[in-house]
Amino acid sequence: MKILELADAFNLRLYQEDRDIDDLALPFYTQGNQMLSYATNKKFLQAALDNKSIEVVIIPKELIESIDSKFSYLVSDNPVDSFFEIHEHLGRQEFYGKSFKSEISEKATIYPNTHIAAQNVIIEEGVSVYPGAVILENTHIKAGTVIAPNVTIGFDGTQIRKKEGKVHRTTHYGGVIIGENVQIGAGSVIARSLFKAKTIIGNCVTMGNMVNIGHNCVIEDEVSILSQAMVCGSSTVRKGARLSPGAIVSNALDVGEGAKVRIGSVAISNITSNADISGNFAVEHGKNLKHYNKTRKG
């Protein structure tokens, strides 16, 4: 899709060269290539400019002087509204993918009382889907994965904005890819992505009961996310990391490879590889224990 076509359709002015875009993204998304994003302030603009996946950004006129002259951009009185109006427009045009009849392997085990969408679902051999599970459109479940009872995969996450004083909920047009030999515990929820780049669960991931994975998250191979833990939207949990029961990872964070997020922790900043953190708000576990012992004695 040429960005000039969208500029003309939405009465936006394009600066610098016309470019092809393949997907849309919030400024801090890193999945995908050739993406259109937006910025409302210098912090968001810098995040977009630093993101090699983003080709074009929608900005207000007051940010024109802050942008790199080599970067293509559109100018709007309200970049957020323009961005999501383009998103809805592209969704109606099948920009995010064309429909197909769902493909369910004869070697998958689908128990009674499940719901699997008739369109845009792929379920490979050896998959087990237990009663009460709901598998919605744009979901691909790879071989050997177990979907426990009452799991929901592929429903919209939460992306809201206010326009003229009213709340607008954003349609999610993306999907979910679940790798091989994954176990998803009972009552868990995995949200579909907003855009073309999918919410991704890697191979050999173990999820306990009532886990919640937000839209556009990437959970890499061999991660353990235990009961009632939550990973908020656009976060990445790297290979071999472990989230203990009740842990919360806030949105757009990076949890490093092999990191441990202990029981009940609330992480609000990136976590380095092999870190061991605890607390609310979470810090290095040894420091948290010293603080706890000090306050208990006091």
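This is a short walk through a predicted model, one selection at a time.

**Stop 1: the whole thing**

Start with everything shown as a cartoon. The protein has 4 helices and 33 strands. Its radius of gyration is 21 Å, close to the 19 Å that the globule rule gives for 298 residues, so the protein is as compact as a globular protein of that length.

The accessible surface comes to about 14900 Å², and carbon and sulfur atoms hold 47% of that. Of the 298 residues, 46% are buried. If you draw contacts between residues at least 6 apart in sequence, 26% of them join residues at least 24 apart.

**Stop 2: the sheet of 5 strands**

Go back to the cartoon and pick β1 to β5. They make an open sheet with mixed pairing, in the order β1-β5-β4-β3-β2. Which strands stand at the edges? They are β1 and β2; each has a single partner strand, so one side of each is left without a neighbour in the sheet.

Inside this sheet, select residues 35-38 (β3) and 54-59 (β4): the two strands run parallel and are joined by 4 bridges. To see one of these pairings up close, pick Ser37, whose bridge partner in β4 is Val57.

Next, follow the chain along the loop between β1 (13-15) and β2 (23-24), where you'll find Gln16. Its phi is near 70°, a positive value in a residue that isn't glycine. Gln16 counts as partly exposed, at 45% relative accessibility.

**Stop 3: His87 in its helix**

Select residues 79-92, which is helix α3, and show the side chain of His87. Is His87 buried or exposed? It's buried, with a relative accessible area of 0%.

Now show what surrounds it. Beyond its neighbours within four places in sequence, His87 is in contact with Leu24, Tyr96, Thr170, Thr171, Tyr173, Leu194 and Phe195. Look at Tyr96 in that list: a polar contact of 2.8 Å joins its side chain to that of His87.

**Stop 4**

Move on to residues 160-163 (β15) and 166-169 (β16), which pair in the antiparallel sense over 4 bridges. Together they form a hairpin with 2 residues between the strands. In the turn, click on Glu164, which has a positive phi of about 55°.

**Stop 5**

Colour the next sheet by strand. It's open, with mixed pairing, and its order is β7-β10-β13-β18-β21-β24-β27-β30-β32-β33. At the edges stand β7 (109-110) and β33 (282-284), each with a single partner strand, so one side of each is left without a neighbour in the sheet.

Zoom in on the β7 end: β7 and β10 (residues 128-129) run parallel, joined by 2 bridges. Thr109 has Ser128 as its bridge partner in β10.

From β13 (146-147), follow the loop toward β14 (152-155) and you'll pass Asn150. Here is another positive phi, about 65°, in a residue that is not a glycine.

**Stop 5: the nonpolar cores**

The largest nonpolar core has 44 residues, and Ile153, Ile213 and Ile225 have the most contacts inside it. The elements giving two or more residues to this core are β9 (121-123) and β17 (176-178).

Centre on Ile153 and show its surroundings. Leaving aside neighbours within four places in sequence, its contacts include Val134, Ile135, Leu136, Ile147, Val176, Ile178, Ile184 and Ile190. To end the tour, look for a second, separate core of 37 residues; Ile21, Leu26, Leu63 and Leu74 are among them.

Terms used:
Residues numbered from 1 in each chain as written. Predicted model: local features only at pLDDT ≥ 70, side-chain atom pairs only at ≥ 80, totals over all residues. Heavy atoms only, no water. Pairing = 2+ DSSP bridges. Buried < 20%, exposed > 50% of the residue type's maximum accessible area, 1.4 Å probe, protein only. Polar contact = N/O pair within 3.5 Å; in protein donor to acceptor, adjacent residues only side chain to side chain. Contact = heavy atoms within 4.5 Å. Core = buried A, V, L, I, M, F, W, Y, C linked by side-chain atoms within 4.5 Å. Rg over C-alpha atoms; globule rule 2.2 N^0.38 Å. Areas by Shrake-Rupley, 256 points an atom, 1.4 Å probe, with all protein chains shown as cover.
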